[in-house]
Amino acid sequence: MPFSGFMRVYSQKKIIINLKIFVNDILSKIQQAGLVGRGGAGFPVAKKWAAVKVALGDKKYVVSNASEGEPGVAKDGYILEHYPDKVINGVKIAIDFLSAEKGYLFLNHNYYKKFHKKLAALLKNSKIEIFI
């Protein structure tokens, strides 16, 4: 094998190894942080991301449900009011990690009225779209 061919194979293997380290590193950090879904079941985010990462399909999407469907609960509103940048950054990280086409932030009508302007400013030039 000529040296250039060797370097191409070596570079490809190095990229794959580095990608595996990145994937394992981010999943490990999410797991160590104890990050779980906020919908009531508390499903571990690292497990969900690992499953989606290897799922078959040409296109993947990230959906963040901040619609607050549970009666008398305001956790999503609190998070959107106090940590909107972290919500958006989390969706961006998920999009990048999962090689997703796009992300969607699902809001109920009240949250849309209350947080749309703040969120829209954070979403400029991103692959994330708000829908209600």
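**View 1. Helix 3 and helix 5.** The axes of helix 3 and helix 5 cross at roughly 25° and come within 10 Å of each other. Axes are lines fitted to C-alpha atoms, for helices over the stretch in contact, with angles running from 0 to 180 degrees between N-to-C directions. Helix 3 and helix 5 are therefore roughly parallel to each other (angles under 35 degrees count as roughly parallel, over 145 as roughly antiparallel, 65 to 115 as roughly perpendicular and the rest as oblique). Their crossing is left-handed. From helix 3, D76, G77, L80 and E81 meet Y111, K114, F115, K118 and L119 of helix 5 (contact means heavy atoms within 4.5 Å). By class, this contact of helix 3 with helix 5 has four nonpolar, one polar and four charged residues.

The model is predicted: local features need pLDDT of at least 70 and side-chain atom pairs count only at pLDDT 80 or more, whereas totals for chains, interfaces and linings use all residues. Residues are numbered from 1 along each chain as its sequence is written, and side-chain values use heavy atoms, with hydrogens and water left out.

**View 2. Helix 4 and helix 5.** Helix 4 (residues 84-98) packs against helix 5 (residues 109-122) at an angle of about 45°, with the axes 10 Å apart. Helices (H or I, at least four residues) and strands (E, at least two) are DSSP runs, numbered from the N terminus. Helix 4 and helix 5 are therefore oblique to each other. Helix 4 passes helix 5 in a right-handed crossing (the near helix is turned clockwise from the far one by less than a right angle; anticlockwise is left-handed). P84, D85, I88 and K92 of helix 4 meet K118, L119 and L122 of helix 5. The contact has four nonpolar, no polar and three charged residues (Ala, Val, Leu, Ile, Met, Phe, Trp, Tyr, Cys and Pro count as nonpolar, Asp, Glu, Lys and Arg as charged, and the others, Gly among them, as polar).

**View 3. Helix 2 and helix 4.** The axes of helix 2 and helix 4 cross at roughly 35° and come within 10 Å. W49, V52 and K53 in helix 2 meet G90, I93, A94, F97 and L98 in helix 4. By class, the contact of helix 2 with helix 4 has six nonpolar, one polar and one charged residues.
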